[in-house]
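Thanks for coming. Please have the model open.

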Amino acid sequence: MMSFVDELLNNVELPKMVRIRQCFDSPEEIKEVEEKVRQEFAKPEIRNKIKAGMTIAVGIGSRGVAQIDRIATAVINELKALGAKPYGVPAMGSHGGATAEGQRHVLEKLGITEESLGCEIRSSMETVKVGELPNGLEVLMDKNAMAADGIICINRIKAHNAFTAPIESGIIKMLSIGFAKQKGADACHTYGFGQMAGNIVEMARIKVANTPFLFGIGTIENAFDQVVDIEAIPAEKLEEREKALLARSKTYFPKIMFDNVDICVVDLMGKIYSGGGMDCHVTGRACTPFMQPIASIRPDRITVLDLHEKSGGNATGMGFADFSTKRLLDKVDFPETYPNVLTSRLTQDGYVPVILANDKQAIQAAVKTCIILDGRKEARMVRIANTLHINELYISENMLEDAKANPNIEILSEPHPIIFDENNNVIDIGINL
């Protein structure tokens, strides 16, 4: 029996779509990750910090950092070669459901286990206080990390999803929030993202001064989610180098090469793509007033179709879509999602979009409700696999001339209808994963 929603959407026509390839000018991937890590450890300012017999806590986060398993293992091997006794520590704030076992499981999903690392992983949510900000916020540090003679951490340096500043996501943020576990991450978010940029730097300074933090291993990725640089940064140069590496990272950031986009359809969201499930620097929809998206698109409607299975049910960020599907909702683990929402204070992260029965209706709903202010009759729509892989995507037929005029875009197909299965779900979900 057809519902009234069915009747409202049944005759909404969807545009034909054209598959394209965006050609980004990006540096080449580092193939020999282990050799690059070895070179960084050979630098005197790094090598001289490690003494034989030292216990070293190696902080590893939960984001979709390219080659994180290889990099982490290479770091452990270099520490062992210098005579140190390393062990892994999950440095991921409230992720993994804010439990020790959950955070260990997050590492496992990244391919990081005690067997693969070749050392113990010590996971706990216990912290110790190492200082206090002038505004009264406690500065906390992972208890297992503080038990070591030295602390290092590994993280990608990139633009943050909720604020824009000289220092955003990277070693400093991991030091301030990741190592602080849920309680410390909660403290850092107390006054919202308007003060976050200052808080993470001030907390990191206190930790550098009052913990055995030695250095960080920062990575930079190109537009294809490939590691193009790895740098070991000593504690005393952390702010200076992270600012420079973030600025460089932003020049490689991929974006959808169209300005006037009305609808953005995202096949898959999840923590493996972005801390916010969908990177707003790609979708063009700011999640706070304190950040400026790198993307030039500003879609009126966003539809997300599904949640990646490797996200473990964590659907943080789904609230920044307008429409979604029952199959995504059925995969959401709210106890896994809400610790992130409650810790970050970004309540919209946990909102549930308007839920439709299937992919077709979710896309039709975006088309039906889209407000086109410049008088065009047809909406301009893009469809991407996820916000991490946008080198290939679909555009609506009415964007074809713009694509042909751009020398950095290659046309891969003729215009054709979106293909749905018998349940009205997109058949080629997650293109180009």
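A polar contact here is a pair of N or O atoms within 3.5 Å, one able to donate a hydrogen and the other to accept it. Keep in mind that this is a predicted model.

Start with Thr 288. Where is it? Thr 288 sits in the loop that runs between helix H12, residues 280–283, and strand S10, residues 301–307. Its relative accessibility is 8%, and because the limit for buried is under 20%, Thr 288 counts as buried.

Now its side chain. A polar atom there lies 3.1 Å from the backbone nitrogen of Phe 290. A polar atom of the Thr 288 side chain also lies 2.4 Å from the backbone oxygen of Ala 162. Setting aside neighbours within four places in sequence, Thr 288 is in contact with Ala 162, Phe 193 and Leu 346.

Next, Gly 184. This residue belongs to helix H9, residues 181–188. Gly 184 is buried, at 2% relative accessible area. Its C-alpha is 42 Å from that of Gln 361, which is 177 residues away along the chain.

Last, the cysteines. How many disulfides does the structure hold? The number is 0. A disulfide needs two cysteine sulfurs within 2.5 Å. For Cys 287, the closest cysteine sulfur is in Cys 280, at 4.1 Å, so the pair is too far apart for a bond. For Cys 188, the closest is in Cys 153, at 14 Å, again too far. Cys 287 is buried at 17% relative accessibility, and Cys 188 is buried at 0%.

Conventions
Residues are numbered from 1 along each chain as its sequence is written. This is a predicted model: local features need pLDDT of at least 70, side-chain atom pairs count only at pLDDT 80 or more; totals for chains, interfaces and linings use all residues. Side-chain values use heavy atoms; hydrogens and water are left out. Helices (H or I, at least four residues) and strands (E, at least two) are DSSP runs, numbered from the N terminus. Buried means under 20% relative accessible area, exposed over 50%, partly exposed in between (1.4 Å probe, protein chains only). Contact means heavy atoms within 4.5 Å.
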